Structures are given as C-alpha cells and as structure tokens.
Amino acid sequence: MVAAPEDIEQPSEYSPNLRIHNNNNKKFEDEPQSLLSQDDGVGVGVVRPRRSLLHLMGINSFAFVYGILISTFGLIVLPLESEALWPEAQEALLLSIFLALCGVSQLSGPLAGYASDCCQSKWGRRRPYLLGGACVTIPCLLLLHEASQTKNFGLYLPIFFIAMLALNVMFTSYQGALTDL
C-alpha cells in the first residue's frame, strides 16, 4: 500500500539528529561549508561531513588486507598446502575441497549482512562484527600455520573453513560500513 503524500512526515528545515535540509538550497549558518557535502539532487538531501583522504584510506585499509589474504590463499597458499598435506598425488582433489570450502563460506555474507543491519550495539551496527571476525580470524590464521608445520590435515581443514567464514563476516560488515558513511 502506498502512503498518501499527506501521510508522509515532511522533514523540518533542521533536524539535529539527521541534519536534513529541504530542497530549497538553504545552507546551515552554524557549519563551515567545507565540512558539508553537496545535496544529492534527489528531493531531500542528507548533509554529511566530508571525509579526509586519510580517513578514507584508513577505512579502506581493511579491503587491502582482505584482498591480499584472499588472493594469496587462492593463488599461492592453497596449492602449496595441498601438495604438502596430501602428497600422494591427490593434491588436485584437496585443492578443489579447499576452493569448495571458500565458496560455501561465501554464503555467510547475506546472513552476516542482515545481522549487522539489525544490530543495536553501543559500538554501532558494524563494529561488533568487524571486531568479532578479527578475534576469530587471527587465532585461526595462527592455527593454520601450526597445522601446516605439523602436516595436520584434520586440523587444517576445519580451521581454514572457520577462518574463511570469519573473513567473510568481516568483509560483509565492512561493505555495510561503507554504505553507512
């Protein structure tokens, strides 16, 4: 059912929580113009502070590390681990199992995105998932190293899957945090 125009709450000229302004192009006198972004041109625009280059680089540094981890796992680490963990000429099968686990772990994204959208934490919506994912990923990466050194296939496989799940939860939260800017 579509709401009638009179049923839709019209924003005031200045709302302290969202800092919304009407489409009449009036600017706020209490904020320097260099801190405000431009109206998005679609009806009512939300005024947001401009982000510095350093701030944006800090936010996107996670994507850089995530890209390095995922690309080196797929191109370098997993083929070498497949040979080392299962040297009886079955490394192609083990590599396909690793890649299948990566694919299945991608299914955690929609669930993690929904959970972070609904999160009401005092730390914000995305930060608990980023921190929780980091608290799981870092020990998992250390355990992967230990399992690799001891050639423990039984430990390597589940820890790898848990690490991929945690990385994907973190990446989903990161993507949500970008849209919240």
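The chain exposes about 11700 Å², and carbon and sulfur atoms supply 65% of that area; accessible areas here come from the Shrake-Rupley method with a 1.4 Å probe, and for residues only the protein chains shown count as cover. Before I go on, please keep in mind that this is a predicted model, where local features need pLDDT of at least 70, side-chain atom pairs count only at pLDDT 80 or more, and totals for chains, interfaces and linings use all residues. Residues are numbered from 1 along each chain as its sequence is written, and side-chain values use heavy atoms, with hydrogens and water left out.

Now the inside. Of the 181 residues, 26% count as buried, that is, under 20% relative accessible area with a 1.4 Å probe, protein chains only.

Next, the layout. You'll find 5 helices and 2 strands, in the order β-β-α-α-α-α-α from the N terminus. These are DSSP runs, numbered from the N terminus: H or I of at least four residues for helices, E of at least two for strands.

Let's look at one helix pair. Helix α4, residues 127-149, packs against helix α5, residues 153-180, at an angle of about 155°, with the axes 8 Å apart. The axes are lines fitted to C-alpha atoms, for helices over the stretch in contact, and angles run from 0 to 180 degrees between N-to-C directions. So α4 is roughly antiparallel to α5, the word for angles over 145 degrees. Residues making the contact (heavy atoms within 4.5 Å) include Leu130, Gly133 and Cys140 of α4 and Ile159, Phe160 and Ala163 of α5. By class, this contact has 19 nonpolar, 4 polar and no charged residues. Here Ala, Val, Leu, Ile, Met, Phe, Trp, Tyr, Cys and Pro count as nonpolar, Asp, Glu, Lys and Arg as charged, and the others, Gly among them, as polar.

In the loop between α4 and α5 sits lysine 151. Its phi is near 55°, a positive value in a residue other than glycine. For background, most residues other than glycine have a negative phi.

What does serine 105 contact, leaving aside its neighbours within four places in sequence? Phe161, Met164, Leu165 and Asn168. Serine 105 lies in helix α2, residues 91-105, and is buried, with a relative accessible area of 1%.

Notes
Buried means under 20% relative accessible area, exposed over 50%, partly exposed in between (1.4 Å probe, protein chains only). Angles under 35 degrees count as roughly parallel, over 145 as roughly antiparallel, 65 to 115 as roughly perpendicular and the rest as oblique.
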